[in-house]
Structures are given as C-alpha cells and as structure tokens.
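Open the model in your viewer and keep the selection panel at hand. The stops below go chain by chain and contact by contact.

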Amino acid sequence: MASFIQLLVSGLATGAIYALIAVGFTLLWQTSQTINFAQGEFVMVPAFFILEAMYLGAPFWLAILIGIALSVLLIGLAFKLIIVDPMLKHGVLPLVISTIALSLFMKEMVKNLYSSNAQPFPALAPPIDLHFFGAVISTQSLVVLAVAISAVVALHLLLHKTRLGRSMQATAQNPTLARILGIPVRRMVLYTFLINAVLCAIASILISPIYLAKFINGETLGVAAFLAAIIGGFNQVRGAIFGGFILGILDNLSAAYLSSTYRGAFPLLILIAVIMWRPQGLLGRVEERTV
Amino acid sequence: MTAVLAVSNLSKYFGGITAVDDVSFEVRDGEILGIIGPNGSGKSTLFNCVLGQLTPNEGEVRVDGRVTTGMRPCDINRLRVSRTFQLLQVFPQLSVRDNLVLAGQEHQGSMYTRLIGRADAGLGEAAGQMIEFFRLSHLADEMAGLLSYGQQKLLDAAMAFMAGPRLVLLDEPAGGVNLTMLGHLRERLQAYHAEKKATFVVIEHQMEFVMALCTRVLVLAEGRVIAEGTPHDIRRDPKVIEAYLGH
Amino acid sequence: MKRLAVIAVAVGAAFAIVVPLFLKPYGIYLSSTWAVLTIAAMGLNLTLGYAGQVSLAQGAFVGIGAYTTALLMHAGVPYPIAFIAAGLVCFSIGWVLGYPALRVQHHYLAFVTLAFTTLVFLVLRNEEWLTGGTYGLSGIPRPVLFGWSTNGPVRFYYFSLGVLTVLATGTWWMLRSPWGRAFIALRENPIRALSLGLDTRRYTLMAFAIGSSIGGLSGAVFAPLVQYIEPLSFALNLSLNLLLMVIVGGSGYFFGPFIGALVAVLLPEWLRFIEGYYLVFYAVMVMVMMAFCPTGILGLVERIVKAVSVKRSPPQPALQPEGTSP
Amino acid sequence: MRRVGIIATFIAAGLGLASPAHSQSTVYMPAVLEESGPGAVSGTNFRDGLKLAVEEINAKGGILGKKIDMPVFDSQSEAGVSRGLIQKVLDNKPYVVFGPVYSGSVLVDMQLTQAAEIPEIVGGEAATITMKGDPYVFRTSFGQQFSMPKIANYIRDGLKAKTVALIWVNSDFGKPGRDNFLKEMANDNIKVIADISTELGQTDFSADVIKVKAANADVIFAYVNEEESARFLKEARKQGITKTPIVGETTLLSQKVIELSGGASEGTMGHVALTVDAPVPAVQAFAERFKKRFNYICDHNGIKGYTAVYFVKYVAEKMGKFDSKGFIDVAHGLTITPKDEPNILMEVTWDKNGDIDRESFLGEVVDGKQKIVKILPKLGK
C-alpha cells in the first residue's frame, strides 16, 4: 500500500511536468495548427540559458529571470516570427519538418556550445524528504507540483476570466469570426507562443534539478507531451493537465506492476485506444467537421 | 411500374433540431423533379440521406424498389444513381479529363482488373464525348483547379453523368453561376435528359431555372413537404408564397 | 514540360548507372544507402503524397522487413523468398494499421502511427528469443541471385539499384492506372470520391498496405547492405527522416523521394567538413528549404519551369474569363 | 535539368570527400565515434582522450618522425552510419582505426577492418567482440567477461552476499553486462532476486526503486550509465535505502555520478577498471592535463582513448615502421609498462584475442570523493 501511494505521489510530480509541457503544446496547436516536434527541446534549452548566466556570475534568481527572458525571446518570439510565420500558409507538414529540424538544431547547438555531459542544476527548494502514509516525497516534488498546478490554473483563469483570454480562445476556435469581431488575431497567436515559451522555461527550471540538464533530455519529454496532450484532449487546457497526470501515474504503475521492459508501451496503447474511441481526448470537445 | 426513387417517412435529427421531418415522395421514370424551399428547409440534408452520406433516423429509401437506406454512398452510386454537391466538388489537382475518367472508372470491371487494365479504364472516348458535350474541349487537359467557377460547375455536372446514370440528383447546379453559363448549363441538362432518358432531381433556388427545367416541383419548408405540383401551380400556391415571404 | 522531365529522368538514370565507376567503396555504400532509403520513401510517398494518409510508421516497416529477411536467411531460406516474405508481412501489417485511418485523419493518424513505431521498437528490443534484442542480428550474408553474388560494393549497389528500378516501375504503373487517380481523389476529397462510387475504405487500406510493403522491401535490401541490424536503427528517428525525405523532395511528385533521399543522405555527408557543427548546418538548411519551397524541391522546379513556359507561350485559356469560352 | 545539376554537385561533393589528401609526412589514423545521439557522452570523452594524446605526440614530433593525422567521424550512434564511415576511412588506407564505443557498431565495423586487415582499437566492452576470433580488434578496457567476475568475487567474498538485486539499463551496454553478471552469479550461486530493466535516458526511477526495496536483497548492483546512476541513487536514498550496500561497475563510482547525484552516491562501492582517481600519479597527472585542455573531468572513456594512441605509438616504434599487418603480431601478447611508455599510465597486456589485462580497483565513495580501497592485480599474475 505504501509503495502504491509512493507511486501515485511520484507519478503526480512527473505528471505535473508533462502537463506543463503538454499545455503549451496544445496552445500552439489550437491557435496556429503547429505540431511542435521541438517542444521537448524547448524545455531542455532554458536550463542551459540559466547555467550559462550563472557561469557568467549571475546569482540564481537573476539567472532564472534571464533564462525566462531569453526563452520568451528565442523559443517564443523568434520561433514564431522566423520559423512558424513563413510556413503557416503552407499547411501542417512543412512546418512539422521544420520543427523536426529545429529540434536537431537545438540539440546539436547545446552539445557543441556547452557540453554533451549531463549538468547538475540548482534546486529551487532544499531537498528535504517528507514522510506520510509510509510514502516519501521530497520538497522538490512538492514545489514542482505546486508551481506546475498554479501555473496551469493561472493560465486557465487567463483564458476564461479575462478579456484577453477570451479573445485568445475566440482566435483558437474560429480565427475568421474573431477577425470580424475585431480581435487582433495575429497578436493573439503571438501571445500563445510567448506563453508557451514561459511554460517551457518554468518546466525546465522545475525538472532540471531532478532530471539534470542534458542535450538529449528533450526527446523523451517531447513525446511525453504529445501523449499527454492527445490522451487528455488536444483542444482543451485542462485536458492536457489531466493527460499529464494520467501519463505520469500510468508510467510508474505499469513499470512497477506490469513489465519494466514494456513500461513505455502502456501509455502508447492507451493513446491508440483513446484516439480510436474518443479522438477528441478524454476531456476534449468534439471538433465539428463539415460534410 | 415502380418509381425510380421512393422516399417514405424519412426523418433526420441533429441533436434537438429536426432537419428532415417525415418526408415522403416518389420520382417517376424520366421526369425532372425540382425541390425548392427556403434556406435551411432541409433540402441538402434530404439528398445526403437519400444517397447515404447521412443515415436517416427514420424512414426508408428505395431505388427501383430496392431498399438502399444504410448502404454506403459508393454502393448506391453503383446502382447508377449519381449526384452533385451544393458546394463545388471537383478534384483541383486532376485534369478535366481525369476528373471525368475518375467519375466513371469505378463502374468498369473490378478493382484488380482496373489495376492491370488500361490507364483510362477504357473511358478515354466517353470522357472525350462528355467534354465535347459540355463544350470544355479547349480545357480538356487543364487542371480542374484552374477553371473558372462556372466551368467547374459544368465539369461537376458532367462528372455526375459520366457513369451513364439513370437517376441524377443535382444540388443547386445553378448556384453562383453567371447568366451566360446558366443558360448554357440548363440547355445541356435538357439535352442530356432528352438524349439519355435519365431521371433528374434538382434542388435549386434560382426560380427561373427550376421553372424552365422541371416537370414537377416539390416544396420543402422546415423539413416538411408543404406543396407539390407543376411549376405553374406551385407559383401561385399561397402556402409556398407564405413559406418564402414568411421568412 | 513533359519532354524536359523525360530528359531529366533519362540523365538521372544514366547518372545512377555510371556513378559507381567514379566512386570509392564508401561513395558506393552511400549510393546504395540512397537507393534503399529512396525505396522506403517511395512507399511513404504513395501513402502520404498520393493518398494523403499521414504516416509516421514507415521506419517501423523498414525494420519489420529487415528483421523478417534476416531471420529467414539465418533459417536458411533463399533470399528471393525472404524478400517476398518481407513484402507480404509488411503488406498485411500495413493493412491492419490502415484501419485507424478510416476513423481518424491528419495529426491523430500521425500519432497513432507514431505510437505504432515505438511499439515495434520495443518488441524488437525486448523479444530477444526472436530478434536478438539489443544484440541485434549480425552476419547477414549478401545474397547470391541465380549464381550471381551481390557481394562487393559495386555489385550490391547495382543490386539495390535494380530493386529500386523494379519497384519504381511497379509503383509508376499503379499510379498511372485508375488506382493512381483514385488515390489522389482520396487525398483531395474523399466524400466526393465516395459519391462517385470509389470504395474509399478499400483504397485507403490499399494505400497503407502497399506503401508499407514497399517499406518492408526496402528493409529487405537494408539488412544485407549493413549486414547487421539492431532495433535502434528503426526507432522513430528513421520514420521522421523518411517523412523529411518525402516532404523535402516534393510530396505527391513521383520523383520526390529520389531527390529527398539524395538530400538526406548526401547533404550531411557533404557538410561533414564543417566538423562539429555539420548537423547544425544541415538542420538550418532543411528549415530554409521548407520556408522557401514548402512543396519540396520538385515543387520549386515545377514552379520555375511553369513561370518560364508561361513567359514564352500566351496565357492559358483557362485563365480567361468564362464568358469568352465558345 | 536542374535536378541533375543538384545530383552532380552532391555526388561531386561526396567524391571530393572520399579522398582527403594526406601527405607523406603524416600517418593516417582516423577515428569513428559517437559524437551525436545517445552515445555522445562516451564518444566525446573517448575522442578528447585521443585528441589530447595526438596533440602531445605531434608536439614531440609525432611517431617515427611522422605527425598523426586523426580526423574524427561522427557515427551519430548509428551502426549503419558507422559501418559506412569505417568503409570511408578504409578507402584511404589507414594505419589503424580508433573506435567506435558502441558495441553494436563495433560488431559491424570489425568485419570490415578484418577484411581490410587494418587494426581497430575499440572502446566497446561487450564480451562478444573478442569472441569472434578477429585478430585485428583490440580493446582499450576490460570486456564484461573480465570485469563481471571481479565484481562477482567482490560481492561473494567482500560483501558475503547471498542475494542481490540487479538494476540495469536496457541498451547494448547494459544488456550484455547484465547477461554476464547473471552468469557469474549462477556460478557463485548467489541468488538474483530482482532483475530490473530501465530505459536509456530514463528520468523517473521511483517504480524501480520500489521494486529494489521490495526485493530486500543483501546487495544492490546497479549497471546503468552515469546520469541514470545519479537519478537512481537520488531516488534510492529518498526512499530510504541507506543500509543495503549499492555496488556498481566503473560508471557508478565515476566522478560524474558523484557530481550529479549531489551526495546520494555517498557510500556506494564497486569495481573500477579505469578511473582518474586511481592511486597512480601518472593517471592523476593525465586527469589534470585533460581537465586543463577540455575543462571537464574525463571518465573512463577519456582514459581509454588516451592510452589507445600511446598503445599504437608504442607498437609502431617497436616495429620501427608502419605496418598494419605486422601490428597485430607485435600487439598480441604485448605488455607495456610505464617504464617503457610513461603515458600508457598503467602496466597493460593485450592477449591473443585483443582483450586487455590491467590492474583494477575496488573503490568506495567517501565524502564526495572516490576512494580506492583495494588494488586488484592483473589476472595474468
């Protein structure tokens, strides 16, 4: 029983990360039909911005701010203007190829400019282990959980309670109509890219102390984000969160109770099942198709 | 003799809305039946139910006395029933000729004989004639996507005739077509009807077009048949006028 | 336009035939790799480019084909039979994988196939009793066909080129037959296609099955080329690369995969002189290419040729207002 | 037409590359290594080891008066690519070839180097490499069939364990190691009561630790790569595994893991074949030079690369000429002592299979440093 709780707790902590990444992923999809194969690298890179800043002598808190700023600038603004915008009108696939190339680009850059070795990364909270019901959770995991959830809640409020958020949603659901209603669609789309950048940076800061910073880390994270997004619902913020948690817990439970060599398989089977029987995702809306 | 097409007590709901409400009618061999009605009166939905794009919630459709409800569109099409769509539905990346061959090829032999058989499935000539017939010769090898709207409308209709159907359902063939083209289209349809003794069902808004083309008219409003008769009677039917002006 | 294409193809073919005479074994090995990847990409181009079904599973099928061939050859089965078996196995699995495509499209389909690819990788790695697991399968012999040994770089290159030619001819034949028209119809407007009597179900499954079996056949050549196969070679990366080849070359163009594979094989090689940063440059060039010719290299070529020919000849009648049509 | 133009440029480029000019004044000793992809860490370490040695040697005038020309080719951690690259370098008649590190790639490339009769100095540790009777392959570190017995003896005699929980990485490095380990455990009839596979690059080890805990064995043996080791140790300590000794082989005790795991690796022990913390002045001096040159602490792969070059140098000078075929006759059964060649760092012997024999160490992590507790003599002695 204790071990089961342990699995749930760690699963939640991991799931929270996936959720963060998945949310940004779905945002991009909704507003610009971008399937971002570089999403994992978007999470891998900010850690190195921060490490570099600290290497140059900035204190941790400042380095974090710098890291977030750089992320917004590079994987938010630059990504949107330089890579996405020229491609948008050409449909999904060319952009997919570009993001695949981009992910290779980022991995290689980090490897060459920084190091191929994994780097230790300072933690936000001192790793104190708290015990309850026989399960252990480190303050780190709690911080991860807390920050991730609050970030997502904040985003949810932004999207549903503010004027800006509502116009972003309008943009996501029906750009043409939004334009008629006088919503600055292009700027709304840009905002989602900036938000995604921030989310990625946060995720990066949260996981790097536990996962360490390494150029290859993005690969697993990126796929996890896909899975979470699809399982939860591609067109729903809360769906992505839900998906993230499911994924985190499922991964742990299957590794512990089913098969460790096939641990990677179970989320995929769930994914296929979901797509086949509930394509809009467990919490997703049905996308209306016109005959 | 049995009707070419018999629709009995057909109904289709979308959630709460009733798009088609207990509609029954018959189409006799060789006639041109017009179906008119204000927007949203369920005309297109009716077509989609008849031809299998949608499955009706209630009712039954018969082609030559054979029940076709629940059959897939492609199987219904093989019974020599074809259609056009309200919105343009040609294949822009195929040439005019290929569009026509495509429209006929599935009626030639089996899937596998087609694989080893001739590239044009032996339809080159038929396609040529159809192109002639609809006077598209100078465009035969253009990509359909490059044609003007009206020309594409012609092609769209031509495709419906490619397989030599005996029943054709045309969904707003005149929609958005300029007058020159309109006369041209009507004249072609009549010519085909005369020549091939085919049966037409035409959804249309363009009254003049309907009145000139159809032998009998059915009026739909809010998913129900509210009137039926010759173009002449329909024109002065108060219910019809009400249905149009009332909205 | 047409004449130009014919000339280009002829020159290309001649080039492919004489090229080994100028290359060292390594260059020839690369050329063989090009041939193998072209076959795989050609299959994907059929599924994706013509029939419009997004698939991220082509790499997995190359793997399945390679393992089928290797295992059968180790079991003493003659190569030709192993080759055919690889095609058949992939055909049937591809047929099954086609069913999701009947329900979902676009990115959903992409993710189903992505999941499939990873599952295949896991099976190849974990089922050691069959696939040798992480050890992979080594010592795969170069086949001997009718007493003619394909051992030696040049011989094997011509062998893979031969396979490519045969499969390309077959594919070309299918695409010029009514099937090709049907696949395009499937891509452009399935609903209308259905109303014209196309059994879209059957064609969709066929597009998947045939595309996959071609992938499998490329695997059947890949195995004796490298003479060693391991699960990692067929992980998601390969599928993404093949997708890249199709798109970069020109999706829906018959010769797109040929060009795409050429870029994917030779460009990184050609950039190696940059040393550490060569993959970075490669990535950048791909992004630039996508930004400037999203329809792929052949798409660009076509645009250019069109532009030139339009300049020369008077505007097409199609571009005139309809009123003037006789 | 344009299409053909493109082809022409590419092929031409390919051609141009197939034959880099190398003059009479240099000796061509290329390396094929995992510079990108999952193998990048091992690959770059090995590469930098090579580079350091080559720079030193060239600074002193090279081998037999010839400067070493050592281009490095990136195999992208792909067997297929590495095979091609080996083909490429063989086209230019190298004296010897260095790398690769991935055992899978080595197994492919061996066939080519053997056919071309060119010695290949590899980093791979899978037992199978030297079991194929290929006289042209030489290791730079213990094959698992030598390191695993050492760890086994330690678990049996040193720790007096009856049961062990095994956690390994499911890769071409971890899987063969695990198989050899199981064999040894069977011989010493020690029960392996947990056999847990993990993924390369796995981040969340809670499930695996729970299994290890549940097994409650006398000893835990962890055979995973550096950063996975660190993550595993962190999780293990978090879930309160403090009593049970955690044993590892080379990677677990490496400086990198100590650095990454932030204290969690305290008290871990095990066998270290090559380590910069060896109580050998030469090794530590090398570690210093390496850190100065590349500013990171090198792992065992760095040492493997470094010594590989000096091995080749020594053999060449012993023969007095560059003769790839002659190389193997001299190298088999060869023993090099630091007296003969200081930069070989430790006395080392190559047997007839190309397997290596060296002193190795039993180490333990004590207050954030690797402490050597016992020196294991060469098997030959």
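How far apart do the closest C-alpha atoms of chain B and chain D lie? They lie 23 Å apart, and no contact joins chain B and chain D. Two residues are in contact here if their C-beta atoms, placed from the backbone, lie within 7 Å.

Before moving on, note the ground rules. This is a predicted model, in which local features need pLDDT of at least 70, side-chain atom pairs count only at pLDDT 80 or more, and totals for chains, interfaces and linings use all residues. Residues are numbered from 1 along each chain as its sequence is written, while chains are lettered from A and ligands numbered from 1 in the order in which they are written.

**Stop 1: chain A**

Select chain A. Eleven helices and two strands make up its elements. Helices (H or I, at least four residues) and strands (E, at least two) are DSSP runs, numbered from the N terminus. From the N terminus on, the order is α-α-α-α-β-β-α-α-α-α-α-α-α.

Along the principal axes, the C-alpha atoms of chain A fill a box of roughly 55 × 50 × 35 Å. The radius of gyration of chain A is 19 Å, which agrees with the value near 19 Å for a compact globule of 291 residues. That radius is taken over C-alpha atoms, and the globule rule is 2.2 Å times the number of residues to the power 0.38.

Colour chain A by burial. Of its 291 residues, 57% count as buried. Buried means that 20 or more other C-beta atoms lie within 10 Å of the residue's own, exposed means 12 or fewer, and partly exposed is in between; the C-beta atoms are placed from the backbone. Among contacts in chain A between residues at least 6 apart in sequence, 72% join residues at least 24 apart.

**Stop 2: the core**

Now select Ala19(A), Leu20(A), Ile21(A), Val23(A), Ile97(A) and Ala228(A). These have the most contacts inside the largest nonpolar core, which has 425 residues. Such a core is a set of buried Ala, Val, Leu, Ile, Met, Phe, Trp, Tyr and Cys residues joined through C-beta atoms within 7 Å. In chain D, domain 1 and domain 2 each give this core at least three residues.

Centre on Ala19(A). Beyond its neighbours within four places in sequence, its contacts include Ala148(A), Val152(A) and Ala228(A). Ala240(A), Ile241(A), Gly244(A) and Phe245(A) also touch Ala19(A).

**Stop 3: chain C and its partners**

Select chain C. There are 14 helices and four strands in chain C. Its radius of gyration is 21 Å, close to the 20 Å that the globule rule gives for 326 residues, so chain C is as compact as a globular protein of that length. Of these 326 residues, 62% count as buried.

Show chain A beside chain C. Here 30 residues of chain C are in contact with 31 residues of chain A. On the chain C side, α5(C) gives the most, with ten residues. By class, that side has 24 nonpolar, five polar and one charged residues. Ala, Val, Leu, Ile, Met, Phe, Trp, Tyr, Cys and Pro count as nonpolar, Asp, Glu, Lys and Arg as charged, and the others, Gly among them, as polar.

Of the five pairs of chains in contact, chains C and D share the most contacts. Chain C gives 35 residues and chain D gives 30 residues. Highlight α1 (2-18), α2 (25-50) and α12 (256-271) of chain C: each supplies at least two residues of the side that touches chain D. That side of chain C has 21 nonpolar, nine polar and five charged residues.

**Stop 4: the domains of chain D**

Colour chain D as domain 1 (24-142 + 281-358) and domain 2 (145-272). These bounds come from an automatic or database domain assignment. The C-alpha centres of the two domains lie 29 Å apart. Between them, 14 residues of domain 1 are in contact with 14 residues of domain 2.

**Stop 5: chain B**

Select the open sheet of four strands in chain B, with the order β2-β1-β4-β5 and antiparallel pairing. Two strands pair if DSSP finds at least two bridges between them. The edge strands are β2 (17-27) and β5 (66-67) of chain B. Strands β1 (residues 5-14) and β4 (residues 58-63) of chain B pair over five bridges. Zoom in on Leu5(B): its bridge partner in β4(B) is Val63(B).

Finish on helix α1 (residues 43-50) of chain B. Eight of its eight residues are buried, so this helix is largely enclosed by the rest of the structure. Gly52(B) follows α1(B), with a positive phi near 90 degrees.
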